[in-house]
Amino acid sequence: MKSRIFSLAIYLAATLSGMMVLLYPFFLPVLSNRAGYGTFRAGEMPAMMTLLLGLCLVVLIIEAQGKLMNTKLIALLGVLVAINSALRFIETAIPGPGGFTPIFFLIILVGYAFGGRIGFLMGAFTMFVSALVTGGVGPWLPGQMFTAGWVGMSAIFLKLFIEPLMLRMKQKNTTGINPEILALAIYGLLWGFLYGAIMNLWQWPFIMGVQGQSWQVGLGFTETIRHYLAYYLVTSLIWDTIAAIGNLLLILAFGAATLKALRRFKKRFVFNYIPEAEPISKTMHEEFSG
Amino acid sequence: MKQPWAWVAWLVAVLVLLSITRNPLYLVIILLCIFIVGFSLRESGSGLLRPFSLWKFALWILAFTTVFNALTSHYGQTVLFTIPGNLPLLSGDVTLEAMVYGATNGLILIGMLASFMVLSLALPVRDLINLIPRPFFPVAVVTSIAVTYLPTTLRQFQQIREAQAIRGHQMRTLRDWLPLLMPLLVGGLEHAMQLAEAMTARGFASTNSVAGGRQVLPRVFLLFGVVMLAIGWIYNLSVNQTMGWIIIAAGVVLITIGLWQEGKQSHRTTYHRRTWGWQDILTLIVTLCILAIFLLPIPGLNRSSLYYDPYPKLSSPSFSPILGLAMLGLLTPGYFVLSRNHPGDKYSNAEKRILNGNPRL
């Protein structure tokens, strides 16, 4: 119980700290009206963000890998990461339209089927391994690993809504489109936009753009959001729309079959053999008495 | 030069230089150094080759950042032309200053990307995985499995594609990918099962030191470390910059202690440890000197030329020969690699003995 509370506290603290590092342009005006930020600190801020986000990621990984000392889970994760990295490798060699990428489909389904911890590691290490083999290692990697980890980790929350819905459908004996796949597809669609929006925060405060789109010191919270939305609409919306629609279509087309295969293997992978211990005193008593 | 940490030191020096200067003259020198080192590794580099051309990618980045900034940022006094109308983002003056600023951003991005590419060209993936610190032992194993299994996966994908094509399978719609994806996934998962059984049979994670329960103390350090990072970040941005740095440093120390404690629980055996050769030590010394010149307060050394802003009116960037010369120190690993590639050193001593018909052990 104590271990679970610790786990939860570390996950929350590292996730919130990581979010704070990325979202500082929005809350800074609330905290301070001091001038001198923004492009003035453009030299040090990216390095500082990389450092802090990297440290939050390190803590999350250490906590998530805690119970990984199980050969089945290690092998499962290694092979799934390899398959997903192969998909990214193929995508790098033969680029798809816009921001289309096939990797999030598997990250979401693995997170949903195997749980948040495996989902987080799947997302983070898909980015890491594919960056190693495609030469994509750079200061942006901690941010990519963090965000892709969130994609996998948060997929488990869908169960809170889907399971009661599935139960109700079963009771009413209704047939039609699988709500599970539909919910996962919508989730993939949303993350298609969110992933791009989060990764944009990496450079947005340091870009000198037109008035009304760039980050400026002294703007209020609402105005900062408005500027960011304008910047996002102009620079990223089309790219991310293709990514989001790609996620939606991939989950609708392959989701049911993939989920079925993952669940079949989950029964084989996620079990632990614990030999039933005989009460020693009784056995010894029988030996001595017999 | 085979010591991974010497290469990491070189990479750190490159990244620090790229992040502290916006002077295009210095950026060009840094880029030249990176490309020369990368070029020297083309023949002898033991790392992976990239699936795309760096030159094309670099040109694309440079063109994109220059054009994007020129079209979206309408600051500057040297107006090249004006985009008429009320087009959102685009309408307004296109200035030379905005183009130079965008190109500078592009040079920094290219430098970062190219330096990491040089590292992955210089070191084989197993050396990169060996750099993963001891506390991350389980995820290092996961990474190792994934990197090893990746070529097999690509080969398997090709085989499945060919097998399906022989059966007359045609790729018309998105759903036609399913007969390719499912055998790949199921085959991979079966392989994972076999791998897990093999690992268990060899006693992986069977000892108490590895599979034993987790200690609480390291996690306490990690938790408080992360909390300190968050507090320090807010302090740094809003209240007091110096105090913020101190709190962040305290958080980093706590996390380091936590990681060290975690690392003590796992034991790792290295069969082939990379040794430090004189070339590695010299590279490390040169990179440390470069970092000292650019970061430490040295009396009489003027670093103002590192900063360059093309706005509001474009001016020629200043240049300090001492700083330019110091940057050339980044060529050190390239020099060692090229001297190793010398025709006289094509074969190792053992290989020379075998070629001479004297395979003495």
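## Two helices side by side in chain B

H1(B) and H4(B) are roughly antiparallel to each other (angles under 35 degrees count as roughly parallel, over 145 as roughly antiparallel, 65 to 115 as roughly perpendicular and the rest as oblique). Their axes cross at roughly 175° and come within 10 Å; axes here are lines fitted to C-alpha atoms, for helices over the stretch in contact, with angles from 0 to 180 degrees between N-to-C directions. From H1(B), the contact takes Trp7(B), Leu11(B), Val14(B), Leu15(B) and Leu18(B), and from H4(B) it takes Ile108(B), Gly111(B), Met112(B), Ser115(B), Leu119(B) and Ala122(B). Two residues are in contact if their C-beta atoms, placed from the backbone, lie within 7 Å. By class, the contact of H1(B) with H4(B) has nine nonpolar, two polar and no charged residues, where Ala, Val, Leu, Ile, Met, Phe, Trp, Tyr, Cys and Pro count as nonpolar, Asp, Glu, Lys and Arg as charged, and the others, Gly among them, as polar.

Please keep in mind that this is a predicted model, in which local features need pLDDT of at least 70, side-chain atom pairs count only at pLDDT 80 or more, and totals for chains, interfaces and linings use all residues. Residues are numbered from 1 along each chain as its sequence is written, while chains are lettered from A and ligands numbered from 1 in the order in which they are written.

## The two chains

Chain A has twelve helices and zero strands, whereas chain B comes to 14 helices and two strands. Helices (H or I, at least four residues) and strands (E, at least two) are DSSP runs, numbered from the N terminus.

Of the 290 residues of chain A, 47% count as buried; for the 361 residues of chain B, the figure is 34%. A residue is buried if 20 or more other C-beta atoms lie within 10 Å of its own, exposed if 12 or fewer, and partly exposed in between, with C-beta atoms placed from the backbone. Take the contacts in chain A between residues at least 6 apart in sequence: 79% of them join residues at least 24 apart. In chain B, 74% of such contacts join residues at least 24 apart.

## Where the chains meet

Chain B brings 72 residues to the contact and chain A brings 68. On the side of chain B that touches chain A, H7(B) gives the most, with 15 residues. By class, that side of chain B has 56 nonpolar, eleven polar and five charged residues.

Gly78(A) shows the meeting of the chains at one residue. This glycine lies in helix H4 (residues 71-93) of chain A and counts as buried because 26 other C-beta atoms lie within 10 Å. Not counting residues up to four places away in sequence, Gly78(A) touches Val142(B), Ile145(B), Ala146(B) and Tyr149(B). Within its own chain, Gly78(A) is 44 residues from Met122(A) in sequence but 8.7 Å away in space, C-alpha to C-alpha.

## The nonpolar core

The largest nonpolar core holds 162 residues, and Cys56(A), Val59(A), Ile108(A) and Ile30(B) touch the most other members. Helix H4 (residues 96-122) of chain B gives the most to this core, with 17 residues. Such a core is a set of buried Ala, Val, Leu, Ile, Met, Phe, Trp, Tyr and Cys residues joined through C-beta atoms within 7 Å.

Val59(A) has partners in both chains: leaving aside neighbours within four places in sequence, it is in contact with Ile10(A), Ala14(A), Leu222(B), Val226(B) and Ile255(B). Ile10(A) and Ala14(A) are also among the buried residues of H1(A).

## Two helices of chain A

Helix H1 (residues 2-22) of chain A has 21 residues and reaches 30 Å from its first C-alpha to its last, close to the 30 Å expected. Helix H9 (residues 179-200) of chain A has 22 residues, which should span 32 Å at 1.5 Å a residue, and its end C-alpha atoms are 32 Å apart, in agreement. The expected span is 1.5 Å times one less than the number of residues.

Among the buried residues of H9(A) are Tyr187(A), Gly188(A), Trp191(A) and Tyr195(A). The buried residues of H9(A) pack against helices H5 (103-114), H7 (141-154), H8 (158-172) and H11 (237-269) of chain A.

Pro4(B) is found in helix H1 of chain B and is partly exposed, with 18 other C-beta atoms within 10 Å. The C-alpha atoms of Pro4(B) and Pro124(B) are separated by 9.5 Å, although these residues are 120 apart along the chain.

Tyr311(B) and Pro312(B) are joined by a cis peptide bond, with omega about -5°. Pro312(B) sits in the loop between helix H11 (278-295) and helix H12 (321-327) of chain B.
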